[in-house]
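Here's a walk through the fold, sheet by sheet and core by core, with a stop at the metal site. Keep the viewer open as you read.

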Amino acid sequence: MTVITVERLGRGAGAEILGVDRDRLMTDGTLPGAVMEALEAHGVLVFRDLGLDPETQVAFCRRLGDVDTSPGHHPVEGIYRVSLDTSKNSSAGYLRATFDWHIDGCTPADGAYPQKATMLTARAVADSGGETEFASTYAAYDDLTDRERERVAALRVVHSLEASQRLVTPDPTAEQLAAWRRRPVKEHPLVWTHRSGRRSLVLGASTDHVVGMPPDEGRALLGDLLGRCTAPERVYRHEWSVGETVIWDNRGVIHRAAPYDPASPREMLRTTVLGDEPIQ
Ligand code: OGA
Ligand code: MN
């Protein structure tokens with residue numbers, strides 16, 4: 001039986017996994033199950049001093065599920081290079097939207113489901129800023145009053161890339177706008193009822209409007225829910241050191257990067273474990 005030692009980090013989300021090294025990631029047959037279980041319980045898991053190489057990162061993620069292998073500005077298949085430096089990632093401009101709270105993959109291109117989990121390993125860190133923050137969207141639902149639960153139960157929300165990009169680029173060029181609008185727009189329920197029976201709120205930068213509600217009222221509702229979900233005492237803020245790896249449950253956690261200088265060397269290597277559950 002695998003023993004993983006899990007130490008809670010934050011009140012609402014976050015735990016550190018102790019006693020796991022690279023070898024164990026590849027050879028311990030019960031580790032993937034134990035990691036997924038800990039992820040379901042804590043939302044975010046931190047592995048310090050792991051020093052994971054890109055190939056091992058992808059190989060371990062493949063033990064958790066199918067991995068996104070779309071091109072990622074990095075030679076290793078399954079790795080996406082997160083950097084604001086356009087010489088390292090020609091699509092870096094889009095990544096400024098990571099400064100706002102979001103769930104990854106709410107507007108997938110091909111009808112895919114939002115990703116199950118995301119893993120980041122720090123290759124280089126920013127001198128200031130660049131922490132990654134996490135908050136539980138399960139807790140956000142659980143903390144609603146009965147009346148609020150009734151109010152949100154049937155609401156549906158339209159999500160778009162345009163909504164999230166407008167927050168960081170409020171005055172787009174016609175070309176930018178056209179590129180954003182080529183991406184799919186998706187409607188999701190505000191309350192996600194998971195296969196496990198748990199419920200979470202689907203919030204974040206990609207929310208454009210609440211269906212059938214005056215825009216101002218919808219924005220106020222979503223803003224209030226997001227503000228409560230991400231109140232400082234509910235946030236786990238990860239301050240990175242090189243060689244650390246973090247994985248989060250994208251189904252029950254919302255995240256954002258604290259702003260950092262685009263000229264900083266900060267570089268994260270990301271692997272995405274694909275989802276198998278629609279937002280429903
Ligand atoms: C991401 C993301 C946050 C960060 O890669 O999806 O949101 O801190 N990254 O770089
Ligand atoms: Mn993200």
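Let's start with two strands: E4 and E15 run antiparallel and are joined by 3 bridges. One pairing to look for is Tyr80, whose bridge partner in E15 is Arg270. Bear in mind that this is a predicted model.

These two strands belong to an open sheet of 7 strands with mixed pairing, in the order E1-E2-E3-E13-E5-E15-E4. Strand E1 (5-8) and E4 stand at the edges with a single partner strand each, so one side of each has no neighbour in the sheet. On average, neighbouring strands here are turned by 25 degrees against each other, direction ignored.

## Helices on the sheet

H2 lies across E1, E2, E3, E5 and E13, and runs at about 125 degrees to E3. H3 packs on the sheet too, touching E5 and E15, and its direction makes about 25 degrees with that of E15.

H2 has 12 residues and reaches 16 Å from its first C-alpha to its last, close to the 16 Å expected at 1.5 Å a residue. Its buried residues are Leu31, Pro32, Ala34, Val35, Met36, Ala38 and Leu39. After H2 comes Gly43, which has a positive phi, near 80 degrees.

In soluble globular proteins, nonpolar side chains tend to be buried together. The largest nonpolar core in this model has 27 residues, and Leu45, Phe47 and Ile247 are those with the most contacts inside it. Strand E2 (15-18), helix H2 (31-42), strand E3 (44-47), helix H3 (54-62), strand E5 (117-124) and strand E15 (267-273) each supply at least two residues of this core. H2 gives the most, with 6 residues.

What does Phe47 touch, not counting residues up to four places away in sequence? The list is Ile17, Val20, Val35, Glu244, Thr245 and Ile247. There is also a second, separate core of 25 residues, which includes Leu144, Val157, Val191 and Trp192.

Now for an open sheet of 3 strands, in the order E8-E7-E11, with antiparallel pairing. Strand E8 (186-189) and strand E11 (207-210) are at its edges with a single partner strand each, so one side of each is left without a neighbour in the sheet. The twist from one strand to the next averages 35 degrees.

Strand E7 (residues 156-159) pairs with E8 in the antiparallel sense over 4 bridges. If you want a pair to click on, the bridge partner of Arg156 in E8 is Pro189.

## The manganese site

Which residues hold the manganese ion (ligand 2)? It is coordinated by His102 (NE2), Asp104 (OD) and His255 (NE2), at 2.1 Å. In sequence, these donor residues are spaced H-x1-D-x150-H. Asp104 sits in the loop between strand E4 (80-82) and E5, while His255 is in strand E14 (residues 253-257), so the pair ties together parts that are 151 residues apart in sequence.

Are these two buried or exposed? Asp104 counts as buried, at 9% relative accessibility, and His255 is buried too, with a relative accessible area of 4%.

## Buried residues to check

Thr271 lies in strand E15 and counts as buried, at 0% relative accessibility. Leaving out residues up to four places away in sequence, Thr271 touches Gln57, Val58, Cys61, Val67, Gly78, Ile79, Ala117, Thr118 and Met119.

Arg251 is in the loop between strand E13 (245-249) and E14, and is buried, with a relative accessible area of 13%. Beyond residues up to four places away in sequence, Arg251 touches Met36, Glu40, Gln115, Lys116, Thr137, Tyr138, Trp192, His194, Ser200 and Glu277. Glu131 is found in the loop between E5 and strand E6 (132-136), and counts as buried because its relative accessibility is 15%, under the 20% cut-off. Setting aside neighbours within four places in sequence, Glu131 is in contact with Arg237, His238, Glu239, Trp240, Arg256, Ala257, Ala258 and Arg266.

Definitions and conventions: Residues are numbered from 1 along each chain as its sequence is written. Chains are lettered from A and ligands numbered from 1 in the order in which they are written. This is a predicted model: local features need pLDDT of at least 70, side-chain atom pairs count only at pLDDT 80 or more; totals for chains, interfaces and linings use all residues. Side-chain values use heavy atoms; hydrogens and water are left out. A nonpolar core is a set of buried Ala, Val, Leu, Ile, Met, Phe, Trp, Tyr and Cys residues joined through side-chain atoms within 4.5 Å. Buried means under 20% relative accessible area, exposed over 50%, partly exposed in between (1.4 Å probe, protein chains only). Contact means heavy atoms within 4.5 Å. Two strands pair if DSSP finds at least two bridges between them. Axes are lines fitted to C-alpha atoms, for helices over the stretch in contact, and angles run from 0 to 180 degrees between N-to-C directions. Donors are N, O and S atoms within 2.8 Å of the metal (3.2 Å for Na, K and Ca); water is not among the atoms, so sites may look incomplete. The expected span of a helix is 1.5 Å times one less than its number of residues.
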